[in-house]
Amino acid sequence: MRIAILGLGSMGRRHAVNAMALGHEARGFDPDPGARAAVAGLGAVAFASEEEALDRCDAAVVASPPAMHLRQAADALAAGCHVLVEKPLADRVGQLPELCASARARGLVFAVAQNLRYHPAVVAARGLLARGAIGRPVLAAAIGASPLVDWRPGRDHRAGYAADPASGGVVFDWVHEIDMLAFLLGPPRAAGAVAANSGTLGLASEESAGLLLRHPGGALSTVALSYLGRPARRVCEILGDTGRLELDIPARSLSRWDATGALAQRVEYGGVHADDYALELEDFLAATTGAAIPACPAEEGLAVLREVLALRASAGLPCNT
């Protein structure tokens, strides 16, 4: 297959490498000549225009900054491509409902890259919850904290997409945690949010946020996010009325306690973070042939996006329309 990669930053390059490892042709576009040169050095074909990159392609991956996602997804679908959009699906709802309906009518796969849906501990937790291993879920808490200054060494964190007050910030950047809770507990509804900017990072966007969600069946979940937390931490705990689950995302582990507080199960799944991205792209490409169903169809990504925008509004953060 010919796969257009729109946006050749770290995620775009990762997708290009994974596509080539699967035996496909990666065709990249980025307005930055340096980014095009970097992906060409990896073996992909780089183009100076989006139109050239999309020409006669079978599929496209949108990995540009979030403010460009909506337009580029529309362009790729108009070109007849199956489309995988990096998180967040977009920074606004815009014409996304129409794009979802059009893609479905034309038989095009339109999906969101939510790699935690491929994390082995998250997948296992979903199975345990479905089997009632901890009874009825009551409370969940997810923490995602990592110093932004450590993410891309040698690059000014104030010049990247994270600094944009309307399409960046920690809520959009860590939307994975919100999506994970949707995947595990069912579609959430925004119940409240607060956000903070201490000025430490020199960003116009929020550095930290606390979010509250409601899920079907009455479960409540909280999400605590920060660009400042050190050491980095990424965990999720789910309490049911007969047990408890704890997921450690970096450690790739899952623990389960029974109602007495005894440890009933602990599994370390091994592998590395990059494995989930490779599986995500492989699954998306399999879906384009009808051999799989993407873990996060665009309709589900749109439902999460609506609640993210409601959370941002609740926290007093700017929202694009």
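User: In which sense do strand 1 and strand 2 pair, and over how many bridges?

Analyst: This is a predicted model. Strand 1 (residues 2–6) and strand 2 (residues 25–29) pair in the parallel sense, over five bridges.

User: What is the order of the strands in the open sheet?

Analyst: Six strands form the sheet, in the order 3-2-1-4-5-6, with parallel pairing. Strand 3 (45–47) and strand 6 are the edge strands, because each pairs on one side only. From one strand to the next, the twist averages 20 degrees.

User: Which helix lies across strand 1, strand 4, strand 5 and strand 6?

Analyst: Helix 9 (residues 273–287) does. Its angle to strand 5 (82–86) is about 155 degrees.

User: What makes R2 and E25 a salt bridge?

Analyst: The cut-off is 4 Å between a side-chain nitrogen of Lys or Arg and a carboxyl oxygen of Asp or Glu. The closest N and O atoms of R2 and E25 are 3.5 Å apart, so the pair qualifies. The pair links distant parts of the chain: R2 is in strand 1, E25 is in strand 2, and they are 23 residues apart.

User: Which residues are linked with R2 in a network of salt bridges?

Analyst: E25 and R27 are linked with R2 in that network. R27 forms a salt bridge with E25, the closest N and O atoms being 3.3 Å apart. The structure holds 20 salt bridges.

User: What makes E177 and R234 a salt bridge?

Analyst: Their side chains meet at 2.7 Å, N to O. That is within the 4 Å cut-off, so the label holds. E177 lies in helix 8 (residues 175–185) and R234 in strand 11 (residues 233–240), so the pair ties together parts that are 57 residues apart in sequence.

User: Why are E177 and R234 called buried?

Analyst: The limit is under 20% relative accessible area. E177 has 0%, so it is buried. R234 has 16%, so it is buried as well.

User: Where is R117, and why is it called buried?

Analyst: R117 is found in the loop between strand 6 (110–113) and helix 6 (120–130). Its relative accessibility is 6%, so it counts as buried.

User: What does the side chain of R117 reach?

Analyst: It reaches the backbone oxygen of A295 at 2.7 Å. The side chain of R117 also makes a polar contact with the side chain of E300, at 2.7 Å. The cut-off for a polar contact is 3.5 Å. Beyond its neighbours within four places in sequence, R117 is in contact with residues including V123, D179, F183 and C296.

User: Why is the pair of W151 and Y227 called edge-to-face?

Analyst: Two aromatic pairs are found in the whole structure. For W151 and Y227, the ring centres are 5.6 Å apart, and the planes stand at 80 degrees. W151 lies in the loop between strand 7 (137–145) and helix 7 (169–173), and Y227 in the loop between strand 10 (220–226) and strand 11, so the pair ties together parts that are 76 residues apart in sequence. Ring pairs link W151, W174 and Y227 into a cluster.

User: Are W151 and Y227 buried or partly exposed?

Analyst: W151 has 27% relative accessibility, so it counts as partly exposed. Y227 has 1%, so it counts as buried.

User: Why is strand 13 called largely enclosed?

Analyst: Five of the six residues of strand 13 (residues 253–258) are buried, so the rest of the structure largely encloses it.

User: Which strands pair with strand 13?

Analyst: Strand 12 (residues 243–248) joins strand 13 through six bridges, and they run antiparallel. Here L245 stands opposite R256. Strand 14 (residues 263–268) pairs with strand 13 in the antiparallel sense over five bridges. In strand 14, V267 is the bridge partner of L254.

Conventions
Residues are numbered from 1 along each chain as its sequence is written. This is a predicted model: local features need pLDDT of at least 70, side-chain atom pairs count only at pLDDT 80 or more; totals for chains, interfaces and linings use all residues. Side-chain values use heavy atoms; hydrogens and water are left out. Helices (H or I, at least four residues) and strands (E, at least two) are DSSP runs, numbered from the N terminus. Buried means under 20% relative accessible area, exposed over 50%, partly exposed in between (1.4 Å probe, protein chains only). A polar contact is a pair of N or O atoms within 3.5 Å; within protein, one must be able to donate a hydrogen and the other to accept it, and residues adjacent in sequence count only if both atoms are side-chain atoms. Contact means heavy atoms within 4.5 Å. Two strands pair if DSSP finds at least two bridges between them. Axes are lines fitted to C-alpha atoms, for helices over the stretch in contact, and angles run from 0 to 180 degrees between N-to-C directions. Rings of Phe, Tyr and Trp (its six-membered ring) pair if their centres lie within 6.5 Å; planes under 30 degrees apart count as stacked, over 60 as edge-to-face and the rest as tilted.
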